[in-house]
Amino acid sequence: MKRNIDGRPFSYVGLILPERDERGAVILEVPQSRFRNVRNLSLHQYGGGPFCRFRVAQGWRRSSIYVLASGNTPLYVGECRDLEERWGARGYGNISPRNCYEGGQQTNCRINNLIFQKTSAGEELTLWFHQLDGDAQTRRAVESGLVAALKPPWNK
């Protein structure tokens, strides 16, 4: 499945499907409780969660621009060197305990928490991909243009 987003062809990657319990509720994750905080670090502003766990983009090991959408509404635009890694167990799909604290990846926590909120409320989120080979500077320029044109609410 394909669609044009701001004049660029995007391919459908899949639904964001968080792990659910036997009742169908999104399983709440609080990884920060598993971190041995020997340096007494503070949680950053997005580190409190709650979070969810999901896997999407398996086999999509390509550099890209991606769009997370709800229906036809883009919520978030990003760029990456490896889509599977960015959306998998080491990226948005699984928040590591260390990332919840100062110096951790705040964007991963923020986006995962927003996904948790939307999917817990029954909203269906989809991931879209536009392959863009080349260096990170080129990808960032295209990403910036899309963010300016689409004004997705989750981009800061």
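Author: The residues that line the largest pocket divide into 7 charged, 1 polar and 1 nonpolar. The model is a predicted one. Lining this pocket are Glu79, Cys80, Arg81, Asp82, Glu85, Arg86, Arg90, Gly91 and Arg139. Two elements, β4 (73-80) and α1 (83-87), each give at least two residues to the lining. The volume of the largest pocket is about 160 Å³.

Rolling a probe the size of a water molecule over the atoms shows where empty space is left. Across the whole structure, the search finds 1 cavity of 30 Å³ or more, and the volume of the largest cavity is about 30 Å³. Around this cavity stand Glu29, Pro31, Arg34, Phe51, Cys52, Arg53, Asn94 and Ile95. Sorted by class, its lining holds 3 charged, 1 polar and 4 nonpolar residues.

In soluble globular proteins, nonpolar side chains tend to be buried together. The largest nonpolar core here has 24 residues, and the ones with the most contacts inside it are Ile16, Leu83, Trp87, Ile115 and Trp154. Two or more residues of this core come from each of β3 (64-70), β4, α1, α2 (106-120) and β5 (125-131). The element that gives the most is α2, with 4 residues. Two of the elements named here, β4 and α1, also supply the lining of the largest pocket.

When its neighbours within four places in sequence are set aside, Leu83 is in contact with Val13, Ala57, Trp60, Arg62, Ser64, Tyr66 and Phe129. There is also a second, separate core of 10 residues, and among them are Ile65, Val77, Leu132 and Leu146.

Val142 sits in helix α3, which covers residues 136-150. Is Val142 buried or exposed? Its relative accessible area is 14%, so Val142 counts as buried, the cut-off being under 20%. Leu132 lies 10 residues from Val142 along the chain, and their C-alpha atoms are separated by 9.0 Å.

Terms used: Residues are numbered from 1 along each chain as its sequence is written. This is a predicted model: local features need pLDDT of at least 70, side-chain atom pairs count only at pLDDT 80 or more; totals for chains, interfaces and linings use all residues. Side-chain values use heavy atoms; hydrogens and water are left out. On a 1 Å grid over the protein atoms alone, a cavity is a set of points where a 1.4 Å probe fits but cannot get out, and a pocket is an open set with protein on both sides within 12 Å along at least five of seven lines; lining residues have an atom within 4 Å of a point. Grid points are joined across faces, edges and corners, and a volume is the space filled by probe spheres set on the points. Ala, Val, Leu, Ile, Met, Phe, Trp, Tyr, Cys and Pro count as nonpolar, Asp, Glu, Lys and Arg as charged, and the others, Gly among them, as polar. A nonpolar core is a set of buried Ala, Val, Leu, Ile, Met, Phe, Trp, Tyr and Cys residues joined through side-chain atoms within 4.5 Å. Buried means under 20% relative accessible area, exposed over 50%, partly exposed in between (1.4 Å probe, protein chains only). Contact means heavy atoms within 4.5 Å.
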